[in-house]
Amino acid sequence: MITSAANPKVKKIVQLNKKAGQRKKEGVFITEGIKMFLEAPESRLEEIYVSEGFFRGAGEETAARLERCGYETVSEEVFSKMSDTQSPQGILCVVRQYGYALESIMETDRMPLFLILENLQDPGNLGTIMRTGEGAGVSGIIMSRDTVDLYNPKTIRATMGSVYRVPFLYTEDIRGAVRQMKENGIGIYAAHLKGKKCYDECDYRGPSAFLIGNEGKGLTEETAELADTYIRIPMDGKLESLNAAVASALLMYEAAGQRRRGGKRKQ
């Protein structure tokens, strides 16, 4: 059992929680909690740590998986230093990062539906978008390189396990990715204050992608210009826009609803 915070393994976990550069260098990320452990693909689990008293509340499924995968026990005090949460559940995993290519993401077996995110900065927003995207049936999420790190512990928690199942990638050339998607017949819709059409007036039954910009500044002009259509979410009161995660949810579920009903939303 590890009982010292000076242990190299403990120090490594602390650094992986804090530094995106370290996560990228090692090609791993940290997940915490029973749900995130149980849903993680076993082939991607590299290290598992549990607190000294964890097994007192662990169920049979969790215990069986731990025995199968292997784990290391640490003292309660040390585990609290390794954890990034205020109320640790007593289990922490080091998971190998994912690697997707745009070409493979576009080769989906169902009608394509994508989110393209430019320079989002809030970890919670990004995690919520991914979680909502899984619920709405998105094919994948494409992000500009300056978007917040998806492997940030706060983002990972907000995905609630969707990080294991929703394809995603960062690109150095977000506009090039948009052009490539257009060349593959995917309609590009930009959530934009200049939108003339309300979001529920367009037909998303065909291959579609939504462009979502930075929380404060929106999309850059150069990226927005690549869209086929500008769409807006109508606002009452003095609001100009919604939270990026909320706006994304409205758009994704409008598309999902149209596809479920086989037609556009009735006006």
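1. Ala, Val, Leu, Ile, Met, Phe, Trp, Tyr, Cys and Pro count here as nonpolar, Asp, Glu, Lys and Arg as charged, and the others, Gly among them, as polar. By these classes, the lining of the second largest pocket has 8 nonpolar, 3 polar and 4 charged residues.

2. This is a predicted model, in which local features need pLDDT of at least 70 and side-chain atom pairs count only at pLDDT 80 or more, while totals for chains, interfaces and linings use all residues. Residues are numbered from 1 along each chain as its sequence is written, and side-chain values use heavy atoms, with hydrogens and water left out.

3. On a 1 Å grid over the protein atoms alone, a pocket is an open set of points with protein on both sides within 12 Å along at least five of seven lines, and a cavity is a set where a 1.4 Å probe fits but cannot get out; lining residues have an atom within 4 Å of a point. Points are joined across faces, edges and corners, and a volume is the space filled by probe spheres set on them.

4. The second largest pocket holds about 320 Å³ of space. It has 15 lining residues, and Gln97, Arg145, Asp149, Tyr151 and Tyr170 lie nearest its centre. Two or more lining residues come from each of α2 (20-26) and β7 (168-171); helices (H or I, at least four residues) and strands (E, at least two) are DSSP runs, numbered from the N terminus.

5. The largest pocket has a volume of about 530 Å³. Of its 22 lining residues, Ala191, His192, Leu193, Glu240 and Ser241 are the closest to its centre. β11 (229-232) and α11 each give two or more residues to this lining, which has 11 nonpolar, 7 polar and 4 charged residues.

6. There is 1 cavity of 30 Å³ or more, and the largest cavity has a volume of about 50 Å³. Its lining includes Asn17, Met36 and Asp84. β1 (28-32) and α8 (153-159) each supply at least two lining residues.

7. How do α7 (residues 123-136) and α11 (residues 244-261) pack, and at what angle? The angle is about 10 degrees, with the axes 9 Å apart; axes are lines fitted to C-alpha atoms, for helices over the stretch in contact, and angles run from 0 to 180 degrees between N-to-C directions. That makes α7 roughly parallel to α11 (under 35 degrees; over 145 is roughly antiparallel, 65 to 115 roughly perpendicular and the rest oblique). The residues of this contact (heavy atoms within 4.5 Å) divide into 8 nonpolar, 6 polar and no charged.
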